[in-house]
Each structure stands twice: as C-alpha cells, then as structure tokens.
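The sequence and coordinates are shown first.

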Amino acid sequence: MERDNFRSKTGFIIACVGSAVGMGNIWLFPARVSQLGGAAFLIPYFICVVVIGVTGVVGEMAFGRAMKSGPMGAFGKATEMAGKGKSLGETLALLPVLCSLALAIGYSVVVGWILKYMVGSFTGSALAPTDVDGFGAMFGQTASSFGSVGWHVLALALTFFIMVYGISSGIERANKVMMPLFFIMFVGMAIYIGTLPGAGEAYRFLLHPDWKALGEPMTWVYALGQAFFSLSLAGSGTLVYGSYLKKDVDIPSSAKTVALWDTIAALVAAFTIIPAMATAGQELTGGGPGLMFIFLPNVFGQMPGGRVLMMIFFIAVTFAGLTSLVNLFETPVEALQAKLGLSRKTAVGVIAVVGGGIALCIEGIVSDWMDVCSIYLCPLGALMAGIMFFWVCGKAFVRQEIDKGAKKKLGGWYEYASKYVFCGLTILVLVLGTALGSIG
C-alpha cells in the first residue's frame with residue numbers, strides 16, 4: 001500500500017502545530033500562569049519546552065519517518081531489529097494506539113461543546129445567562145449525559161470528513177486554513193482586550209515575575225507537566241505524522257519550529273484570557289471546562305463588544321479543537337491501514353463507528369475519562385516510544401535518522417540527553433502525575 005505524504009515541510013509543521021495547539025494551551029496554560037507566579041512560571045516552562053522539544057519531539061518525528069509507520073509498525077520494526085521479533089513491539093504499541101483513540105473519544109465530546117457555544121454566540125443563546133451561576137447551570141446541562149449529542153455528532157462528522165481525504169488533501173490542507181486563522185483571531189482579540197480598562201494590571205502581572213515562585217518545587221513540576229501535555233507527546237500523534245515525512249525534511253529544525261509556535265499559541269492565549277478576566281474584575285483561579293464555558297462567557301457578557309469577541313473566540317477554539325482531534329484519530333486510522341491493509345476510507349469508517357459509538361456513551365464521565373488518558377496513558381506512551389527509539393534501536397540508528405535531511409546536525413550530546421534526560425523526565429511526569437492526580 002502506497003503511503004500518502006505531506007506535500008511540504010511547511011504543511012507538516014502547520015499540521016504538527018495544529019496537533020499541539022489545543023485545550024492545554026487555551027484553558028490550562030493561562031490558569032497555570034495565573035496560579036504559579038505569572039511570568040515566573042514562564043521561565044521553567046520555557047526551559048522544559050526546549051529540553052523536551054529538542055529530545056522528545058525530534059525523537060518521535062524521526063522514529064516515525066525512519067520506520068514509515070505509526071506506533072504499531074514502528075515498535076514492531078524496533079523489536080525486530082533487536083532480535084526480539086515483530087509481534088512483541090506490535091503488542092506493546094497497542095497502548096499508545098488505544099491511548100490516542102481514547103483521548104480522541106473524550107476530546108470529541110469537548111469539541112462538541114465548543115461547537116454548541118460557537119453557534120450559541122451567534123444566536124445569542126450562549127450569552128443569555130446574567131451571572132456566573134447562570135452560566136454554570138447552562139454548562140451543567142450541556143455537559144450532562146446526552147446533553148449535547150447533536151453537537152458531538154457534528155464534531156465527529158467534521159473530523160472524519162477531513163480525514164477521509166488523506167494527509168495531503170485533507171489534514172494538510174485543513175490545517176493550512178485553520179491554524180493561521182486561529183492565530184489571527186486570537187491576536188486580534190488580545191489587541192482589542194488590551195485597550196480596555198483594567199488590562200494594564202494583568203500585563204504587569206504577566207511581565208513581572210514573582211521570583212519566590214521559582215523557589216517552589218511545584219512551579220517546576222507543573223511547568224514540566226504542562227510542557228509534555230502542550231507538545232502532544234504520547235508516542236502516537238507526533239510519531240504518526242513523522243511517518244508521512246519525506247527523507248529530505250530537516251527534523252530538528254521542524255521540531256524547534258513546532259515547539260516555538262506551540263509556545264507562542266500558549267502565550268497569546270494567556271495574554272488574551274488573563275487580561276479579559278482582569279477587565280471584568282475577576283480572578284483566574286482554575287483551568288478546565290469552567291474557564292472556557294462558565295467564566296469566560298460571563299466575562300464576555302460584561303465587556304464592550306463581548307458578543308463579537310465570543311464569536312471570534314469560539315471559532316478560533318473550534319479550529320484548535322478540530323486540528324487536535326484529527327491528529328488523535330489519525331493514529332488508530334493509520335494502524336488499521338498498516339496492519340489490516342484497509343483503504344483510507346474504510347479505516348476512517350471503522351474508527352468513526354467504534355470511536356463515535358463509545359464517545360456517545362461517555363458524555364457524562366468525560367472529565368474522569370480524560371484524566372485517566374492524560375495523566376497515565378499519554379506519559380506512558382511517550383516513555384515507550386522513547387525507549388523503543390533511543391534504547392532499542394541503538395545509538396547509530398538514532399544518529400543516522402535525526403541527521404537525515406538536517407542542515408545543521410545536533411551535537412554528540414543528543415543521544416545522552418534523549419536516553420537519560422528525556423526518558424527520565426517522562427518517568428518523572430508519570431510518577432508525579434499519579435501522585436498529584438493531575439499535572440497538565
């Protein structure tokens with residue numbers, strides 16, 4: 001079966017940015033910044049993004065391209081190279097594949113909520129309540145079991161419609177439209193909100209670090225967890241996108257660009273949402289669904305031009321949600337194509353039926369479902385991919401694959417940093433995530 005490919009390096013980078021830019025950037029990152037010292041949180045976060053981007057993101061992209069396969073084929077070839085047989089690797093790869101599917105199932109429920117609020121911002125229904133309690137009650141009805149089935153089905157339909165057209169004609173083309181629009185809309189909102197009374201205080205908080213926070217271990221712990229979550233490292237999506245890459249693409253450069261734009265997206269969200277809350281006289285005290293579906297709509301309802309801002313906000317968030325959802329579903333779709341030889345349309349159809357059916361059944365428990373996926377399964381998938389590539393495949397193979405197409409080769413430190421620092425940090429995220437209940 002001939003594999004589809006990204007037509008250009010730019011298309012690949014935009015697709016990877018689309019995968020990484022999602023709810024972690026929009027509803028969690030601003031809350032982390034607000035809770036953990038403002039600008040002080042950014043310092044450990046930037047450090048973690050650089051370390052993880054240069055090791056883990058480069059590794060997953062290179063691993064996928066080297067094996068020309070998603071997790072199942074890549075893990076199988078790695079264990080076969082080590083003389084352990086293909087079946088061992090393929091069996092182990094079931095975890096990141098199923099993790100990606102499970103995360104996509106939960107994520108699709110959230111994207112359904114977003115679509116409902118986007119349309120409601122146009123009709124006015126999403127701004128009908130007059131206080132926080134009213135917005136809370138409205139969201140409670142939306143998030144209840146089968147409270148927004150139609151919107152959920154629409155989110156799934158849009159996602160699978162994009163995926164049916166493949167990598168170059170579907171995923172790459174859709175991301176090239178949605179991601180630039182996401183940035184344009186958010187930057188526009190940030191500029192407008194910056195002109196409102198009260199925004200200046202938020203900027204002072206964002207730009208002047210609380211240096212005491214740097215001495216708090218939890219600031220570093222949450223920065224590390226946020227970096228992993230934000231960069232979409234789980235041994236699945238980034239790896240499978242890498243498998244569609246051509247040999248002449250500079251992977252270290254691509255990984256740095258993806259990490260940069262993902263960080264810019266998070267900063268733009270923080271510099272939009274925190275000043276918005278400040279202009280309405282509210283404190284940003286938590287992330288999660290409450291931020292996006294309760295507190296922000298309440299803020300928009302109090303702001304000049306709030307209805308228009310709410311329309312723009314939810315359109316932009318819809319784009320971010322769909323691009324992430326496409327990436328999450330791509331891993332199990334690719335696995336069916338590679339393992340069973342199914343056509344693209346058939347594989348998408350199978351995942352649509354299985355994923356869609358399960359998704360409709362978990363609407364009432366989506367928060368717990370997502371916690372299990374993000375806290376336990378995603379870090380474990382990232383660790384498994386790291387072990388397979390950096391340890392099982394061996395130093396010579398890793399060096400050959402990351403240098404392929406690279407204009408500027410990474411130094412000899414890379415193998416040691418990826419084997420020990422990245423894998424060690426992944427174990428730390430997994431352990432701390434289990435101990436704390438949530439790190440990102």
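Which side chain does a polar contact join to that of Thr142? The model is predicted, and in it the side chains of Thr142 and Lys116 are joined by a polar contact of 3.2 Å.

**Helix α6**

Thr142 lies in helix α6, which covers residues 132-143. The 12 residues of α6 should span 16 Å at 1.5 Å a residue, and the end C-alpha atoms are 16 Å apart, so the two values agree. The buried residues of α6 include Thr142, along with Phe135, Phe139 and Ala143. Seen down the helix axis, the buried residues of α6 fall within an arc of 85°, so they line one face of the helix. An α-helix has 3.6 residues a turn, so residues three or four places apart point the same way. Asp133, Ala137 and Gln141 are exposed, and they sit on the face of α6 turned away from its buried side.

**Nonpolar surface patch**

Ile387, Trp391, Tyr416, Tyr420 and Val421 make up a nonpolar patch on the surface, and together they have about 510 Å² of accessible area. Helices α16 (366-392) and α18 (413-436) each supply at least two of the patch residues. The largest share, 3 residues, comes from α18. Trp391 belongs to α16.

**Accessibility of two residues**

The table sets out one residue from each region.

| Residue | Relative accessibility | Class |
|---|---|---|
| Thr142 | 1% | buried |
| Trp391 | 40% | partly exposed |

Thr142 counts as buried because its relative accessibility is 1%, under the 20% cut-off. Trp391, at 40%, counts as partly exposed.

Definitions and conventions
Residues numbered from 1 in each chain as written. Predicted model: local features only at pLDDT ≥ 70, side-chain atom pairs only at ≥ 80, totals over all residues. Heavy atoms only, no water. Patch = residues over 30% accessible without salt bridge, like charges linked within 9 Å, V, L, I, M, F, W, Y side chains within 5 Å. Areas by Shrake-Rupley, 256 points an atom, 1.4 Å probe, with all protein chains shown as cover. Salt bridge = Lys/Arg side-chain N within 4 Å of Asp/Glu carboxyl O. Helix = DSSP H or I, 4+ residues; strand = E, 2+ residues; numbered from the N terminus. Buried < 20%, exposed > 50% of the residue type's maximum accessible area, 1.4 Å probe, protein only. Polar contact = N/O pair within 3.5 Å; in protein donor to acceptor, adjacent residues only side chain to side chain. Expected span 1.5 Å × (residues − 1). Arc of directions from axis to C-beta.
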